[in-house]
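I opened my notebook for a new chain today.

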Amino acid sequence: MQIHTLDKAQLISEVQLGHSLNHAVEQGRRSDFALMLAMLSPDYLETVPTEKPLPPGTTEEQLRTYFELQDPAPLTTSEYCYPRGAEQSNAFHFGGLAATRLLSSLQPIAITFPPQDTKGMPEELYHNLSGHERRRLPPVQQEPLKGSPQDLYLNLIRAKRSAEMYGTVAKFN
């Protein structure tokens, strides 16, 4: 029976303790402070949330605004990454590590710098080729097709409708 009375003696929040928790801290009574903390319930479901939950349809941009976060660092290089990288290098040489961290926080650069002008090959492989083999490579890198199944479906429907409108014989099965 004593076990059940101990379960009922747990406190839900520190408000139930009143000022005794603060007085224990101010007067240096560590044992009283530890006892009061041990009496608090460890179950987080019993506590009342103090902030309103975010609406269920929040986007990443809304969350970044809510938590006052900066834009994420770009994953791959852009036209601004190389000059910013040079500025960070210059800041390191003249201002040290603290200046570099500050500049990196204010203007993040890309996380990766993939090789450029290697015709889509890994850098080690491209530089291992001879000049004759490099000249035989196609001059322009082949870009992947930009499309999705939804775009293909819409284009097929448009083609079918235009074929029906202009009376051309086209069968889509």
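Helices here are DSSP runs of H or I with at least four residues, and strands are E runs of at least two, numbered from the N terminus.

Before going further I noted that this is a predicted model, where local features need pLDDT of at least 70, side-chain atom pairs count only at pLDDT 80 or more, and totals for chains, interfaces and linings use all residues. Residues are numbered from 1 along each chain as its sequence is written, and side-chain values use heavy atoms, with hydrogens and water left out.

**Whole chain.** I found eight helices and zero strands.

**Threonine 118.** I looked for this residue and found it in the loop between helix H5 (81–106) and helix H6 (123–128). Is threonine 118 buried or exposed? Threonine 118 is buried, with a relative accessible area of 3%; buried means under 20%, exposed over 50%, partly exposed in between (1.4 Å probe, protein chains only). Its side chain reaches the backbone oxygen of methionine 121 at 3.0 Å.

**Leucine 54.** I placed this one in the loop between helix H3 (30–39) and helix H4 (60–66). Leucine 54 is partly exposed, at 35% relative accessible area.

How values were computed:
A polar contact is a pair of N or O atoms within 3.5 Å; within protein, one must be able to donate a hydrogen and the other to accept it, and residues adjacent in sequence count only if both atoms are side-chain atoms.
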